[in-house]
Amino acid sequence: MIALGQFLEVLIGGLMTGVLYSLVALGFVLIFKASGVFNFAQGAMVLLAGLALVRSLDLLVARDFALWVAIILGIGFAAVVMAITAWLIERFAVGPLVNQDGLTLFMSTIGVTFVLEGAAQMIFGSDVYPLRLFPTDVWLLFESHFPGGILVSKLDVWGALIAGILVAGLAIFFQGTKTGRALRAVADDHLAAQSVGIPISWIWFVVWLAAGLVALVAATVWGTKLGVQFSITFLALKALPVLIIGGLTSVPGAIVGGLIVGAGEKIAEVFLGPHIGGGIEYWFAYVLALAVLLVRPQGLFGERIIERI
Amino acid sequence: MRAPDRNKILLQVEGVSLAFGGVKALTNVSFDIIKGEIRAIIGPNGAGKTSMLNVINGFYHPDHGAIAFKGLTRARMQPFEASRGGIARTFQNVALFKGMSALDNIMAGRTLKMRRGLVWQMLRYGPALAEEIEHRHRVEEIIDFLEIEAIRKVPVARLPYGLQKRVELGRALAMEPDLLLLDEPMAGMNLEEKEDMSRFIIDVNLHYGTTIALIEHDMAVVMDLSDRVVVLDHGVKIADGTPDEVKRNKGVVDAYLGVPH
């Protein structure tokens, strides 16, 4: 008999972790929606943003700045680093490839990944740097109802809150503004977009900047959870099943996909794991993604694939 | 049809040459487009017609020569600068934003006309909201004009080809261009669709006073619609004049029948 309290605790913990996966997946969705490119470099961008933030914070705190001043300056500095990165990527990696196939652009983002990973660690160092932006202690809820209560990490709640705001903002941005419409237009057809007066280089800069800022947000939360270190780039791998389940082109899909993966893998690990030997958490998401691929290749929320023959 | 004013040259093509490697797409081509007229560009396959349009709207940069638009001469122009100046176009193979609805596609044509900042637009408040509504009005007028009310919310990828071409024309019209470039607006259409499209082109020219340059293979359509015709063959201009003059030109007849040079 599974205790309800334990189930709820696992479920909530899983959902919260899922939101954090969504944060990384969002960066992928942004670039894919706006340029039709699968951005392999998103994980590297999270690392770069995290390193820029944590190293500038350390430096400022060491110079006796007040903590809140240091945090504002540090986030500002990291945002500027991401803006410069966006400009460089547009100028030297994807800009020259306008009107090329999506696969060509994908290959160039693989190159960008290695350059970013190398440059980030060369400039900011390659140790594990702890980041303390959010509280890391826990709440124990409903202690009167369940023995021991339900354990909820405050950091996870913060992460969920931030992700929610981010998604709402991005949804309005894409659906309700001319820049968002221009982004979708560029994703569909470079030539046609140019012909209605959309400057592609500017749009791509905006997209990469937005993805960079989403990476920065992801870095603040993940950095607090794990410390800023190289292994943060592997988050990109966890974002893959999230994308496949949610659909590559859908912002809400990234969130729902993240929730499904997060909750699914935790529940499977805790309740299914003991029966088949454990370690489910590491592959469960991929099996789930495979199942979704077989039934709905475009993902739960993706744009339907329409082909006129 | 309204008589175009001979003194008002909208666009002047001056000795434009363009080569891709060893292939000469255009060789020393010069002609003008007068304000208010419908100007046809014709010629056999591979004559350089589409290359000419691509030079005019900045997709290609000529190796020699220049384009003067509204009296302003430019050798290298970016596509978005051309559209900012008032040049809109459609494509030979329909180039729509496939995932978006017909309405959104046409709204995309208004991108340059919308002025309010991103923050206001996101808040959907005050001046930005008023602006969005105003542009939506203009777009609805175009939708009425092209008789595509019923399909405005349909993702364009699902539409039949003839309607896609209409939406594409709508997107170009939404830019309120001074010069409209149409690359084979009637390719692949049946007779009825061709008649509709001809009617729209004439109406655009009459009601909005838009100057039109069009590439078309259907000679009956070209002769009916256009005020003046320029004929290209192998990237060289071989004739320029009224439809009647061009029809009687021996070089043109030879080019179409494939007489060796």
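User: Which residue in E5(B) is the bridge partner of B:Ile67?
Analyst: B:Arg74 is the bridge partner of B:Ile67. Helices (H or I, at least four residues) and strands (E, at least two) are DSSP runs, numbered from the N terminus. Two strands pair if DSSP finds at least two bridges between them.

User: Quick check before we go on, what kind of model is this?
Analyst: This is a predicted model, where local features need pLDDT of at least 70, side-chain atom pairs count only at pLDDT 80 or more, and totals for chains, interfaces and linings use all residues. Residues are numbered from 1 along each chain as its sequence is written, while chains are lettered from A and ligands numbered from 1 in the order in which they are written.

User: And what does chain B average in pLDDT?
Analyst: Chain B averages a pLDDT of 86, and 92% of its residues score at least 70. pLDDT is the predictor's confidence in each residue, from 0 to 100. The model scores ipTM 0.75 and pTM 0.75.

User: Back to E5(B). What is the order of strands in that open sheet of 4?
Analyst: The order is E2-E1-E4-E5 in chain B, with antiparallel pairing. Strand E2 (23-34) and strand E5 (72-74) stand at the edges with a single partner strand each, so one side of each has no neighbour in the sheet. Neighbouring strands are turned by 20° against each other on average, direction ignored. For angles like that, axes are lines fitted to C-alpha atoms (for helices, over the stretch in contact), and angles run from 0 to 180 degrees between N-to-C directions.

User: How many bridges join E1(B) to E2(B)?
Analyst: 8 bridges join strand E1 (residues 9-20) to E2(B), and the two run antiparallel. B:Val13 stands opposite B:Phe31 in E2(B). The hairpin of E1(B) and E2(B) has 2 residues between the strands, and B:Gly21 takes a positive phi near 60° there. At the other end of the sheet, strand E4 (residues 64-69) and E5(B) pair antiparallel over 3 bridges.

User: OK, the open sheet of 6 strands in chain B. What's its order?
Analyst: That one goes E6-E7-E8-E3-E9-E10, with mixed pairing. Strand E6 (87-89) and strand E10 (236-241) are the edge strands, each pairing on one side only. Strand E7 (residues 179-183) and strand E8 (residues 211-215) pair in the parallel sense over 5 bridges, and B:Asp183 has B:Ile215 in E8(B) as its bridge partner.

User: Which strands does helix H1 of chain B lie across?
Analyst: Helix H1 (residues 49-56) of chain B lies across E3 (38-42), E6, E7, E8 and E9 (228-233), at about 150° to E7(B). Helix H10 (residues 250-257) of chain B lies across E9 and E10, at about 130° to E10(B).

User: Is B:Arg76 buried or exposed?
Analyst: B:Arg76 counts as exposed, because it has 10 C-beta neighbours inside 10 Å. A residue is buried if 20 or more other C-beta atoms lie within 10 Å of its own, exposed if 12 or fewer, and partly exposed in between, with C-beta atoms placed from the backbone. B:Arg76 lies in the loop between E5 and helix H2 (79-85) of chain B.

User: Switching to chain A. How many of the 21 residues of H2(A) are buried?
Analyst: 15 of the 21, so H2(A) is largely enclosed by the rest of the structure. A:Met45 is found in this helix and is buried, with 33 other C-beta atoms within 10 Å.

User: What does A:Met45 touch?
Analyst: Not counting residues up to four places away in sequence, A:Met45 touches A:Gly27, A:Leu116, A:Ala211, A:Gly212 and A:Ala215. Two residues are in contact if their C-beta atoms, placed from the backbone, lie within 7 Å.

User: And A:Ala34, where is that?
Analyst: A:Ala34 is in helix H1 (residues 4-35) of chain A, and it is buried, with 24 other C-beta atoms within 10 Å. Leaving out residues up to four places away in sequence, A:Ala34 touches A:Leu183, A:Val186, A:Ala187 and A:Val207.

User: Last one: how many residues does each chain give to the contact?
Analyst: Chain A gives 23 residues and chain B gives 29. H6(A) gives the most to the chain A side, with 7 residues.
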